[in-house]
Amino acid sequence: MLLFSVLITYYYKDFGISLAVLGAVAILYNVFSGLLSTPVGRYADRTRHYRWLITLGLVIIGLSVVIFAFSFKLSGMVLPLMIVSAVVLGVGQAFYHPIGASI
């Protein structure tokens, strides 16, 4: 959850991305996490596949870390990659938070 919060400084200092845009991206991953948490939590409670689902969530969060890394490597595509990785992070958090609370 703190991943993007740490990266905000680097996106601002190294790439000059405005704090307003960075704030909007932070809102974006929280919205995705919030919208998907209830359906994912319901599905987990129905199927009781907690271990598999939390593993899937952590893999998705790991994928977002890789995409965040590519946004620094491919500086010409920093904004689109940052947005995609924030959405992927939000999806991964939607698995991690309700299922982690259940476990």
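The chain exposes about 6,100 Å², and carbon and sulfur atoms supply 70% of that area; these accessible areas come from the Shrake-Rupley method with a 1.4 Å probe, and for residues only the protein chains shown count as cover. Keep in mind that this is a predicted model, where local features need pLDDT of at least 70, side-chain atom pairs count only at pLDDT 80 or more, and totals for chains, interfaces and linings use all residues. Residues are numbered from 1 along each chain as its sequence is written, and side-chain values use heavy atoms, with hydrogens and water left out.

On to the fold. You get four helices and zero strands, in the order α-α-α-α along the sequence. Both element types are DSSP runs numbered from the N terminus: helices are H or I with at least four residues, strands are E with at least two. The C-alpha trace spans about 45 × 25 × 20 Å along its principal axes. Of the contacts with a separation of 6 or more, 73% join residues 24 or more positions apart, a contact being heavy atoms within 4.5 Å.

Buried residues make up 36% of the 103 residues in the chain. Here buried means under 20% relative accessible area, exposed means over 50%, and partly exposed is in between (1.4 Å probe, protein chains only).

Now the rings. The structure holds seven aromatic pairs. Rings of Phe, Tyr and Trp (its six-membered ring) pair if their centres lie within 6.5 Å; planes under 30 degrees apart count as stacked, over 60 as edge-to-face and the rest as tilted. One of the pairs is Phe4 with Tyr29, which is edge-to-face at 5.8 Å centre to centre and 75° between the planes. That pair links distant parts of the chain, with Phe4 in helix α1 (residues 3–15) and Tyr29 in helix α2 (residues 19–47), 25 residues apart. Tyr11 and Phe15 make a tilted pair, because their centres are 6.2 Å apart and their planes sit at 35°. Both of these lie in helix α1, four residues apart, about one turn of the helix.

| Residue | Relative accessibility | Class |
|---|---|---|
| Phe4 | 0% | buried |
| Tyr29 | 4% | buried |
| Tyr11 | 0% | buried |
| Phe15 | 26% | partly exposed |

Ring pairs link Phe4, Tyr11, Phe15, Tyr29, Phe68 and Phe72 into a cluster.

Last stop: Leu56, in helix α3 (residues 50–73). Leu56 counts as partly exposed because its relative accessibility is 28%. From Leu56 to Val78 it's 22 residues in sequence and 26 Å in space, C-alpha to C-alpha.
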